[in-house]
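Q: Here is a structure to look at. Please take its features in turn, giving the general idea and then the case.

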Amino acid sequence: MNIPFLIVCIYIFLLFVISYFAQRRSAGSATNYILAGRQLTTPLITVSIVGLAVGGASTIGVAEQAYKVGLSAGWYTTAWGIGAITMGMLVAKKYRELNITTIPELLGRYYDKKGMIAGIACQILIQLVVMSLQYLAGGSILCALMPEIFTLTTGMLTSAVVFISVTMIGGMWSASLSNILNVSLKYIGIILATIVSVTHAGGLKSIEAQLPANTTYLSFFDGVGIIGIVTWMLVLVTVNLSLQSIIQISLGAKDVQTARRGFVIGGLMMLPIGFVSALLGVIAKTMFPDVSPAMALPMTIMSLNPILAGITLAALWAADVSTACNLLLSSATLFSQDIYKKFINPAASDKRFLIVTKASVLSLGLLTLIFAMTISGIITTLMIGLSLTASFSVIVLFTLFAPSLCRKNAAFYTIAVSLAILILWQTFPSTHIFPHVIYLEWIACVGTFLLTYLLDSKAITTSECA
């Protein structure tokens, strides 16, 4: 156990070294801290979006799902990649040209105040749910790494300390530069672990022989099913079009083409890696048929050579770090930019604004830790929380591409209906008329937006939308 633990400790040390140097680049202004001074290059945009997407849900979560249903769980990460490519090709240029910092800033520019407030609340809520899942995945990794020291709870606490500290120290520069290490480590570690695991198992035929009879664990479609795969794609394309943490990465690019290239390259990099994690989950089913699905991947890795196990576990933890840091920073930016600066202290100096942002990183990080203590089922929980982004995607797409159909009250009513749909879906099973709430969200949100167009005569100002 000492070798894997030592490797993870070295990784943590390197993270703090990177954060220390990033702190120098992020100093001087709030823009440097929250948007890296809008100076991110194509490679940094690429590793940032890959780092955000290929996190706990795309590794531990996919392996957990694959432990239950097989290789088809890998489509989750592929769906992330398709979403990132869509973002890069469709709206990255539009967002960058608007010169905004947050999604609610866009709502405040074109819609009424209540729409912006609703947008702030929902964006923060969505990101807190996603971020809490990184703590859960991080805790399961450390619990498997050193079960004599870490429980799932203490593993989550340790993860929280690192996530919050790295983000507070260097902001967007810290998140972006550390992702060079994180993405390299996670891809090398997971791919090597898969190759070695398949070899030790005697190949895919041997793995298939050890799986439960009459199952479809090695099918690319049957476990999750076509409808489930399409649902993931719809949810994650929706997310990539309107989630603050993703938009903030594109806004940190030095120019429009950099943002677009970074997202497309990053999306292409994501397409295969989910199936690699899924295969590890399937192997875990043959090795540990009776463990908790969330522990399947870490336990499989711990059965490998100690050095490879340490590298791979550090890689999985790197996946958590890269995602959590971006989410923490974007959530704190939402509070400081759209709540503190607009409603509490509009005259705040740049120095004061920076202090509030860092304090928000700490407080929101601790709040998500509390959320993490009550969550089970990584991907299921994530899919429900992310469905709220449908309202923002509808608003953004109409605003950018059909501003003549936008009305001042449309943002508020669309977000309110989206929240109501989610509450009804969770409360009353009779509302489950579609395979997933995301379908109902899109129908209801588009319908609400267009109905507002018919009933509300006050149009938004379109000069800035062009």
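Q: Where does Thr-323 sit in this predicted model?

A: Thr-323 belongs to helix α16, which covers residues 306–344.

Q: Is Thr-323 buried or exposed?

A: A residue is called buried when its relative accessible area is under 20%. Thr-323 has a value of 2%, so it is buried.

Q: Which backbone atom does the side chain of Thr-323 reach, and which residues does Thr-323 touch?

A: The side chain comes to 2.8 Å from the backbone oxygen of Leu-52. Leaving aside residues up to four places away in sequence, Thr-323 touches Gly-51, Leu-52, Val-54, Gly-55 and Gln-134.

Q: Next, salt bridges. How many does the structure hold?

A: The general idea is that side chains of opposite charge can pair when their charged atoms come close. This structure holds four salt bridges. One of them joins Lys-68 and Glu-64, with 3.7 Å from N to O.

Q: Why are Lys-68 and Glu-64 about one helical turn apart?

A: Both lie in helix α4 (residues 57–69), and they are four residues apart there, which means a separation of about one helical turn.

Q: Are Lys-68 and Glu-64 buried, or are they partly exposed?

A: The two partners fall in separate classes. Lys-68 is partly exposed, at 44% relative accessible area, whereas Glu-64 is buried at 6%.

Q: What is the N to O distance between Glu-105 and Arg-109, and in which helix do they lie?

A: Their side chains meet in a salt bridge at 3.9 Å, N to O. For a salt bridge the cut-off is 4 Å, so the pair qualifies. Both residues are in helix α7, four residues apart, about one turn of the helix. Glu-105 is buried, with a relative accessible area of 17%, and Arg-109 is partly exposed at 28%.

Q: Which residue does Lys-342 pair with, and how far apart are the closest N and O atoms?

A: Lys-342 forms a salt bridge with Asp-338, and the closest N and O atoms are 3.4 Å apart. The two residues are four residues apart in helix α16, so about one helical turn separates them. Asp-338 is buried, with a relative accessible area of 0%, while Lys-342 is partly exposed at 32%. Helix α16 is also where Thr-323 is placed.

Q: Now cysteines. How many disulfides does a search of the whole structure find?

A: A disulfide is a covalent bond between the sulfur atoms of two cysteines. Here the search finds zero disulfides.

Q: What can be read from phi at Ala-36 and Asn-99?

A: Most residues other than glycine have a negative phi. Ala-36 has a positive phi of about 55 degrees although it is not a glycine. Asn-99, also a residue other than glycine, has a positive phi near 55 degrees.

Q: Where are Ala-36 and Asn-99 placed?

A: Ala-36 is in the loop between α2 (30–35) and α3 (42–53), and Asn-99 is in the loop between α6 (92–98) and α7 (103–110). Ala-36 is buried, with 1% relative accessibility. Asn-99 is partly exposed, at 46%.

Q: Which residues make the nonpolar surface patch?

A: Leu-6, Ile-10, Phe-13 and Leu-14 make a patch of about 390 Å². Leu-14 is in helix α1 (residues 2–26). The relative accessible area of Leu-14 is 37%, so it counts as partly exposed.

Q: How far apart are Val-235 and Ile-460, in sequence and in space?

A: They are 225 residues apart in sequence, and their C-alpha atoms are 28 Å apart in space. Val-235 lies in helix α11 (residues 225–242) and is buried, at 0% relative accessibility.

Conventions: Residues numbered from 1 in each chain as written. Predicted model: local features only at pLDDT ≥ 70, side-chain atom pairs only at ≥ 80, totals over all residues. Heavy atoms only, no water. Disulfide = S-S within 2.5 Å. Buried < 20%, exposed > 50% of the residue type's maximum accessible area, 1.4 Å probe, protein only. Polar contact = N/O pair within 3.5 Å; in protein donor to acceptor, adjacent residues only side chain to side chain. Contact = heavy atoms within 4.5 Å. Patch = residues over 30% accessible without salt bridge, like charges linked within 9 Å, V, L, I, M, F, W, Y side chains within 5 Å. Areas by Shrake-Rupley, 256 points an atom, 1.4 Å probe, with all protein chains shown as cover.
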